[in-house]
Amino acid sequence: MAAGAVAARPRHPALITGSVMLASLLYSMDWTIAAVALPHMQGTFSATQDQISWVITSYIVASAIMIPTAGWLSTRFGRTRVFGWALIWFTVSSVFCGAADSLTVEVLSRIVQGMSGAFLIPLSHSVILDTYPPEEHGKAMALWGAGSVFGAVMGPTVGGYLTELLSWRYIFYINVPFGLLALIGVMSFVPETARDPSRRLDWFGFLALAVGIGALQMMLDRGERLDWFESGEILIEAGLAVLGLYVFLVHMFTAREPFLDPRLLMNRRFFLTLLLISFYGLLTVPVMVLMPAFMDHLLGFPIDTIGLLQSPRGVGLLAALIVSGRITGKVDPRWQIAFGLLCLAVSTAEMATWNLEVGQWPILWTGFVQGVGAGIMLVPIQVIAFPGLPPHQRTEAAAVFNLVRSVCSSIGVSVTLTLYVVNTAVSRAGLVEHVTPFNPALGPGAATEFDTGSAFGLAVLQEVIDRQAAMLGYEAAFLFLAAAAVAALPLLLFVGRPQRGAEKDREGEAYAMAE
């Protein structure tokens, strides 16, 4: 039996699916749920804006570093055992996150939470693939996607309501009952995999990858606040990222037993899907980060209204996942991915035309269309990626798959925020040029509220200019996302027509060998 292969078909697929889906939902929700509570946490800890950002940064960096180890740990100690311990530490660290009385304790708890939660997505991914036969992978991936992606979408909404009605501490306490429920389900119903005690960790490869990914994530998260390469810290992090990733790649292709199997990247279809999932992360996450700030700072909506206006994205995502699971195997997955990319392009292009008078309806329908686009393409990308991979490679492949999605999500957020900041500054400079006494709207005797002869009039004028410049900055960021969605379409030409029969045969042979 191949190491890491499941000995027999699971007996309770529905209970297994519910358990691992709940676990993946908790992890993905904690990726975004803290974002809306940062101002409240900043007041509690008397922290600066730069200091409180470590609540998010520590979780992302710790997760990114640990995700690639999921394959080795499950092979060495057994997948279910690793899954169980990950849930235990995730739940315990959530308690400490909620009870923290200082920023230091909060950040350390978030590091532990990110390190343990990192295993939940790739392990749940591989459990789902092993639980269902190949012909049902589409429906299974749709269910799994409801947890792995829907949690990130609903995070700001849930976090907003918990913070408004109770306290920011409850965004972490809410993990405890659901974490325990997921733990009971996993340990009761998920079958254990074969263990290989002789499997050793390639420490050199792991440390090189950890340094590269950790430095890259730090650079992406802090670059916008530190003015990118004008900062010595960012230069050091960029150098470490390049060096670490270069050393890792050279080591992976030359070592006898590397940390990650290079044959995964030699699989053409899997490599192409890594490019597609890169665009998926780049296109879907930045909007979720930008929109709460846009609605709060420019439109002045209260936090509970912002949560409600974000909810159509989750409705569209869930509906699209259900539809995608039903039509998988009947519709060419390339058409589904193309439709999803077009939904993302159309909705963000529409957002690039907004102004400060935009109403709630455009926010609702564009959010719904973006949810549809994200949901409809997630399942077919995975259906293309995983057939043909033997069962013992699935956990490692799932780890690489989700690592690439996570890193590219961070890249997308950093790029869009940088575009927003740069275009806001440029637009403000252009608007200020028109603030002169010779402007008919501002000159002597002009019947406007912009009385440049008084401090109040200047303050009002500055606020208007700042809001207009920020709006132009958001428009530039949204336009970039629309262009990136269109730019991803040519990748589908290289995927090739799926051969369902051949893929099922290969998958069936892999299952037979495992059993």
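**Exercise 1. Ring pairs and their surroundings**

Task: Determine how exposed Phe77 is, and classify its ring pair with Trp72.

Solution. The model examined here is a predicted one. Step 1: Phe77 has a relative accessible area of 32%. Buried requires under 20% and exposed requires over 50%, so Phe77 is partly exposed. Step 2: for Trp72 the relative accessible area is 15%, and this residue is therefore buried. Step 3: the ring centres of Trp72 and Phe77 lie 6.0 Å apart, and the planes meet at 85°. Planes over 60 degrees apart count as edge-to-face, so the pair of Trp72 and Phe77 is edge-to-face.

**Exercise 2. A pair between two helices**

Task: Classify the ring pair of Phe294 and Tyr474, and state which helices it joins.

Solution. Step 1: the centres of the two rings, Phe294 and Tyr474, are 5.1 Å apart and their planes stand at 70°, so this pair is edge-to-face. Step 2: Phe294 belongs to helix α16 (residues 268–298), while Tyr474 belongs to helix α21 (residues 455–488); the pair therefore ties together parts that are 180 residues apart in sequence. Step 3: both Phe294 and Tyr474 are buried. Step 4: the two residues are also members of a cluster linked by ring pairs, together with Trp354, Tyr420 and Phe478. A search of the whole structure gives 13 aromatic pairs.

**Exercise 3. A helix and its neighbour**

Solution. Step 1: helix α4 (residues 54–66) contains 13 residues and reaches 18 Å from first C-alpha to last, close to the expected 18 Å. Among the buried ones are Ile56, Tyr59, Ala62 and Ser63. Step 3: Gly114 is part of helix α7 (residues 103–117), and its relative accessibility of 0% means that Gly114 counts as buried. The C-alpha atoms of Gly114 and Ile56 are 9.8 Å apart, although 58 residues separate the two along the chain. Step 5: Tyr59 also has Arg110 over its face, at 4.2 Å from the ring centre.

**Exercise 4. The nonpolar cores**

Task: Identify which residues touch the most other members of the largest nonpolar core.

Solution. Step 1: the largest nonpolar core holds 122 residues, of which Met41 and Phe83 touch the most other members. Step 2: apart from neighbours within four places in sequence, Met41 is in contact with Ile52, Val55, Glu106, Trp168 and Phe172. Step 3: a second, separate core has 23 residues, including Val287, Met295, Trp354 and Leu481.

**Exercise 5. The chain as a whole**

Task: Describe the chain in terms of helices and strands, burial and contacts.

Solution. Step 1: the chain has 22 helices and 0 strands. Step 2: of its 515 residues, 57% are buried. Step 3: among contacts with a separation of 6 or more, 83% are between residues 24 or more positions apart. Step 4: the accessible surface is about 21,800 Å², and carbon and sulfur atoms contribute 67% of that area.

How values were computed. Residues are numbered from 1 along each chain as its sequence is written. This is a predicted model: local features need pLDDT of at least 70, side-chain atom pairs count only at pLDDT 80 or more; totals for chains, interfaces and linings use all residues. Side-chain values use heavy atoms; hydrogens and water are left out. Rings of Phe, Tyr and Trp (its six-membered ring) pair if their centres lie within 6.5 Å; planes under 30 degrees apart count as stacked, over 60 as edge-to-face and the rest as tilted. Buried means under 20% relative accessible area, exposed over 50%, partly exposed in between (1.4 Å probe, protein chains only). Helices (H or I, at least four residues) and strands (E, at least two) are DSSP runs, numbered from the N terminus. A charge sits over a ring if NZ of Lys or CZ of Arg is within 6 Å of the ring centre and within 35 degrees of the ring normal. Contact means heavy atoms within 4.5 Å. Accessible areas come from the Shrake-Rupley method with a 1.4 Å probe; for residues, only the protein chains shown count as cover. A nonpolar core is a set of buried Ala, Val, Leu, Ile, Met, Phe, Trp, Tyr and Cys residues joined through side-chain atoms within 4.5 Å. The expected span of a helix is 1.5 Å times one less than its number of residues.
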